[in-house]
Amino acid sequence: MPWNSLMDRMMKELHVNGNTIGDIEEVLKRVPIHPRIVPAIKSAYALGCDLRVVSDANVFFIETILKHLGIRDCFSVINTNPGYVDEEGRLQILPYVDFQTSTHGCNLCPPNMCKGLIIEGIQDSMPKEGNKRMIYLGDGSGDFCPSLKLREGDFVMPRKDFPAWNLINGNRTLVKAAVHEWTDGEELEHILLQLINTITIEENKLLSVECKFHTMSKPAHRALPQALPVPY
Ligand SMILES: [Zn+2]
């Protein structure tokens, strides 16, 4: 059973056993998080990054946790499995891709979601001229496929000793992005902000080269022979 279907089944069991949606919310709010993760996300957002969630969890879990941590507005898009509370008060979790009727066609990923396809969709939607770069963070085996879609100039940050890290290290020649591993929230914050800084410096350099070129090209333009006035 895919993880997502298992979670839906568990929500059914919890409901049958008398646990309310409020009980589930309270547990989600208690999920432990390293104290540096939230500041790292807030800093990345403040530095102008477009932050997106790509997750095989579900929209109810993610929205509840992000709102509780006060960082929901830092994210522009949440790509995840849909979920809703039905009229009986039970959380129904649905697959991102309805694999009973269709397939995403990727054999690296679970049947309900290929994160690689989501990353390709984001790449296609990015403006071509901006040369935008991606930093992808993940830990699960489902984060390997999207890591393979990243391009040269992008970064992947797998959590050390977790499935994504093992798969990336076992297939380094297939990964075009630069790999930066991390172990805890403190290291995550440090590396993430360093990468954002590197990208910003390189973008500014590119911008100043473009400006220089622009200024240099002006006198050359002025030196072009002027069109002769046409005599009446
Ligand atoms: Zn995939």
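**The sheet and its terms**

Mentor: Strand 5 and strand 6 (residues 155-158) run parallel and are joined by 4 bridges. Strands here are DSSP runs of E with at least two residues, and helices are runs of H or I with at least four, both numbered from the N terminus. This is a predicted model, in which local features need pLDDT of at least 70 and side-chain atom pairs count only at pLDDT 80 or more, while totals for chains, interfaces and linings use all residues. Residues are numbered from 1 along each chain as its sequence is written.

Trainee: What makes strand 5 and strand 6 a pair?
Mentor: Two strands pair if DSSP finds at least two bridges between them, and strand 5 and strand 6 have 4. Among the bridge partners, Leu-137 goes with Met-157 and Gly-138 with Pro-158.

Trainee: Why are strand 5 and strand 7 said to stand at the edges?
Mentor: The open sheet has 3 strands in the order 5-6-7, with parallel pairing. Strand 5 (135-138) and strand 7 (178-179) each have a single partner strand, so one side of each has no neighbour in the sheet.

Trainee: What packs on the sheet?
Mentor: Helix 7 (residues 163-170) does, touching strand 5, strand 6 and strand 7, and its direction makes about 130 degrees with that of strand 6.

Trainee: Which way do the residues of strand 6 point?
Mentor: Phe-155 and Met-157 point one way, Val-156 and Pro-158 the other, and all are buried. Buried requires 20 or more other C-beta atoms within 10 Å of the residue's own, exposed 12 or fewer, and partly exposed lies in between, with C-beta atoms placed from the backbone.

Trainee: Why is helix 2 called oblique to helix 4?
Mentor: Helix 2 (residues 21-29) and helix 4 (residues 59-69) pack at about 55 degrees, with axes 9 Å apart. That angle makes helix 2 oblique to helix 4. Under 35 degrees counts as roughly parallel, over 145 as roughly antiparallel, 65 to 115 as roughly perpendicular and the rest as oblique. Angles run from 0 to 180 degrees between N-to-C directions, and axes are lines fitted to C-alpha atoms, for helices over the stretch in contact.

Trainee: Which residues of helix 2 and helix 4 meet?
Mentor: Glu-25, Leu-28 and Lys-29 in helix 2 meet Phe-61, Thr-64, Ile-65 and His-68 in helix 4.

Conventions. Contact = placed C-beta atoms within 7 Å.
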